[in-house]
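Please read this briefing alongside the sequence and the 3D view. It goes through selected residues, ring pairs and domains in turn.

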Amino acid sequence: MQAYNIHNLKQLDIVVDNRFRLVSHLGGGSFGQVYQALDLQTNTMVALKLEPHSQHDSLDHERRILKHLGEGKGFPKLLYYNGHIDDYRVLAMDLLGPGLVDLRRYCGGPLSLKTVLMLADQLLRRLKHIHSKGIVHQDIKPSNILMGSGRSGNVVYLADMGLSKIHAPLPGNPLDNPAKRPRLQIFGTEKYCAQALHRQRYLAFRDDLESLGYVLLDLLLGRLPWSDEKDGTLTAHKLGIDIPTLCAGAPPAFQKLFEEVKRVRYNEMPNYNRLRKLFNTAFRQAGYKYDNVYDWTIKRYAEMEVAN
């Protein structure tokens, strides 16, 4: 399999492993490329990841994490894997809907409090599930959070397990786990990664919760205090900011989330049920109804009315 011009897929009629016909290019990154493909065996659309053998093997790692995770609401289902298709590793999974990056761009700015609180409720459930399986995601960010499609269009999915790990508890009840190597490299997206990584600490369950908190604040407020900063300046700002300043302009539930992060030790899991209650209380106090009507739903309805 050679590298193809992603803009000419329909003309090229590319079929991978005599099973998956590439339809469109969805995105790419350090791991390789992602395509929408037609599964010729089931006549359904799937998301197909192609990773060259010349790159670090993240797809087989993701396959093993997905198998360990098993089936659960709000996680893509592993449909197919082959580590040796010409010069590529190939993985197929459920084709999901748009991600939060595209949805925020579509809505034209920060998301409403109602939408962010509905997202928070589902994402706290996703973290509880993945952590109950002993998995730390390690890369919570808007581009890895997608909505479902079709009948699952209102379901929030947590995707891309390429950087995930199985959590190994330490003896006793330590606060954290300092890196043994000279310098632990920052991975994932620095804007959303937990403070522990900046402090040269290995990540635990609480750190996924911290990253989720940054994502929710960014969606609600339109930016984080360090959004325009890089490298050392970003690190210093993130490590130096206090929780009230970080959460200024957001309901108290957000501050409680970060306080929970500070309370939890390396081997422990956050109190997801308590946090869900806090966010649900904020939701009810604002007078919202849990109707699965997100900002993008309202905008799409308005566009359809204009078109008609």
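**A lysine in helix H4**

Lys114 counts as buried because its relative accessibility is 16%, where buried means under 20% relative accessible area, exposed means over 50% and partly exposed lies in between, with a 1.4 Å probe and protein chains only. The model is predicted, so local features need pLDDT of at least 70 and side-chain atom pairs count only at pLDDT 80 or more, while totals for chains, interfaces and linings use all residues. Residues are numbered from 1 along each chain as its sequence is written, and side-chain values use heavy atoms, with hydrogens and water left out.

- Lys114 is found in helix H4, residues 113-132; helices (H or I, at least four residues) and strands (E, at least two) are DSSP runs numbered from the N terminus.
- Leaving aside residues up to four places away in sequence, Lys114 touches Phe283, Tyr288, Lys289, Asp291 and Val293; contact means heavy atoms within 4.5 Å.

**The annotated lysine**

- UniProt, in an unreviewed entry, lists Lys49 under "binding site"; UniProt positions follow the numbering used here, feature names are shortened, and annotations may be inferred rather than shown by experiment.
- Lys49 sits in strand E4, which covers residues 44-52.
- With a relative accessible area of 8%, Lys49 is buried.
- Beyond residues up to four places away in sequence, the contacts of Lys49 include Gln33, Val34, Leu59 and Asp160.
- Glu62 is also among the residues that Lys49 touches, and a polar contact of 3.0 Å joins the side chains of Lys49 and Glu62.
- A polar contact is a pair of N or O atoms within 3.5 Å; within protein, one must be able to donate a hydrogen and the other to accept it, and residues adjacent in sequence count only if both atoms are side-chain atoms.

**Aromatic rings**

- Rings of Phe, Tyr and Trp (its six-membered ring) pair if their centres lie within 6.5 Å; planes under 30 degrees apart count as stacked, over 60 as edge-to-face and the rest as tilted.
- By this rule there are 7 aromatic pairs.
- The rings of Tyr214 and Trp226 form an edge-to-face pair, because their planes are at 90 degrees, with centres 5.2 Å apart.
- This pair links distant parts of the chain, 12 residues apart: Tyr214 is in helix H6 (residues 205-221), and Trp226 is in the loop between H6 and helix H7 (231-240).
- Tyr214 is buried at a relative accessible area of 1%, and Trp226 is buried at 0%.
- Ring pairs join Tyr214, Trp226 and Phe258 into a cluster.
- Lys299 lies over the face of Tyr106, at 4.6 Å from the ring centre; a charge sits over a ring if NZ of Lys or CZ of Arg is within 6 Å of the ring centre and within 35 degrees of the ring normal.

**Domains**

- The domain assignment gives domain 1 (15-94) and domain 2 (98-296); such bounds come from an automatic or database assignment.
- The C-alpha centres of domain 1 and domain 2 are 26 Å apart.
- In the contact, 14 residues come from domain 1 and 17 residues from domain 2.

**Two further positions**

- Gly83 is in strand E5, residues 78-85, and is buried at 14% relative accessibility.
- Apart from residues up to four places away in sequence, Gly83 touches His53, Tyr88 and Arg89.
- Gly83 and Glu259 are 176 residues apart along the chain, and their C-alpha atoms are separated by 43 Å.
- Thr281 lies in helix H10, residues 272-285, and is partly exposed at 29% relative accessibility.
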